[in-house]
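Biologist: I should like to learn how to read the strands, the core and the ligand surroundings of a structure. May we take them in turn?

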Amino acid sequence: MFKPVQASRTTITELMIPSYANFGGKIHGGIILSLMDKIAYACSAKHAGGYCVTVSVDRVDFLEPIEVGELVSLLASVNYVGNSSMVIGIRVEAENVKQGTVRHTNTSYFTMVAKDDQGNPTQVPGLLLESREDVRRYLEAIKRIQLRNRFQTELDDEKSQLNVESELHLLEGKRCRIKTGVFE
Ligand SMILES: CC(C)(COP(=O)(O)OP(=O)(O)OC[C@H]1O[C@@H](n2cnc3c(N)ncnc32)[C@H](O)[C@@H]1OP(=O)(O)O)[C@@H](O)C(=O)NCCC(=O)NCCS
């Protein structure tokens, strides 16, 4: 069974109220993360037709602050499906209705896994790609998965081979200082 991307496309719009702000008066990153997690769940559950969990987030950069009073809209769609996993692409926009401006604040990719009633990963429907955009997003997701796997393998290698004494030159110019006696 194949379901079109369109069938699970989801949007959420929420007003940024003062209680969402941090001490600097801008919206807490955690508020946006929570909204992203909610929409990832809604979109994946619609595609899967059942319960899903968040497995991984690739990645969230907060490049632009969001202000109190702005309307934040999240747009989500299934970009890729594996067997039980789905990659949900999420675009976040902040709208200032007074100024009539809309800013793209971030884009992120959540991996969600569908679970059966026993809590085990369960197969989800395939994805029907109905546009060139759908195909491009699916291919980009494959590239991201391949890159992440290579990154993880290399990082594991680096960590297992790390010799602290012979890598100390990497600290040159860094804003750290080793306390006297650490290597004695
Ligand atoms: C994610 C989870 C289901 C994986 O369980 P598992 O027994 O290792 O199952 P599998 O190895 O069969 O993996 C299931 C799928 O998850 C994917 N997956 C597992 N770890 C992953 C990771 N770190 N990143 C991306 N995908 C991952 C696998 O590739 C697989 O995808 P596929 O079915 O499309 O091939 C399990 O670790 C879990 O339930 N984690 C907790 C999730 C949760 O509670 N989230 C809420 C956050 S508080």
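Biologist: Which residue in β6 does Val57 stand opposite?

Modeller: Please keep in mind that this is a predicted model. Val57 stands opposite Phe110 in β6. That pair belongs to the antiparallel pairing of β3 with β6, which runs over six bridges.

Biologist: How many bridges join β5 and β6, and in which sense do the strands pair?

Modeller: There are 12 bridges between β5 and β6, and the sense is antiparallel. Met86 and Met112 stand opposite each other in this pairing. The two strands form a hairpin with four residues between them, where Gly100 takes a positive phi near 70°.

Biologist: What are the pairings of β4 with β5 and with β2?

Modeller: β4 is joined to β5 by 10 bridges, and the two run antiparallel; Val72 stands opposite Ala94 there. These strands also form a hairpin, with three residues between them. Strand β2, residues 10-15, pairs with β4 over six bridges, again in the antiparallel sense, and Ile12 has Leu74 as its bridge partner.

Biologist: Why is β4 described as largely enclosed?

Modeller: Eight of its 11 residues are buried, so β4 is largely enclosed by the rest of the structure. Helix α2 reads otherwise: the number buried is two of its 30 residues, so α2 lies largely in the open.

Biologist: How far apart are the end C-alpha atoms of α2, and what span should its residues give?

Modeller: At 1.5 Å a residue, the 30 residues of α2 (132-161) should span 44 Å, and the end C-alpha atoms are 43 Å apart, which agrees.

Biologist: How many residues does the largest nonpolar core have, and which have the most contacts inside it?

Modeller: In soluble globular proteins, nonpolar side chains tend to be buried together. Here the largest nonpolar core has 31 residues, and Ala40, Met86, Ile88 and Ile90 have the most contacts inside it. The elements that give two or more residues to this core are α1, β4, β5 and β6. Beyond its neighbours within four places in sequence, Ala40 is in contact with Thr54, Ala76, Ile88, Ile90, Phe110 and Met112.

Biologist: Which strand gives the most to the shell around the ligand?

Modeller: β3 does, with four residues; β3 and β6 each supply at least two. The residues around the ligand include Val53, Thr54, Gly82, Asn83, Thr111 and Pro121. By class, the shell has four nonpolar, seven polar and no charged residues.

Notes:
Residues are numbered from 1 along each chain as its sequence is written. This is a predicted model: local features need pLDDT of at least 70, side-chain atom pairs count only at pLDDT 80 or more; totals for chains, interfaces and linings use all residues. A nonpolar core is a set of buried Ala, Val, Leu, Ile, Met, Phe, Trp, Tyr and Cys residues joined through C-beta atoms within 7 Å. A residue is buried if 20 or more other C-beta atoms lie within 10 Å of its own, exposed if 12 or fewer, and partly exposed in between; C-beta atoms are placed from the backbone. Two residues are in contact if their C-beta atoms, placed from the backbone, lie within 7 Å. The expected span of a helix is 1.5 Å times one less than its number of residues. Two strands pair if DSSP finds at least two bridges between them. A residue is near a molecule or strand if its C-beta atom, placed from the backbone, lies within 6 Å of it. Ala, Val, Leu, Ile, Met, Phe, Trp, Tyr, Cys and Pro count as nonpolar, Asp, Glu, Lys and Arg as charged, and the others, Gly among them, as polar.
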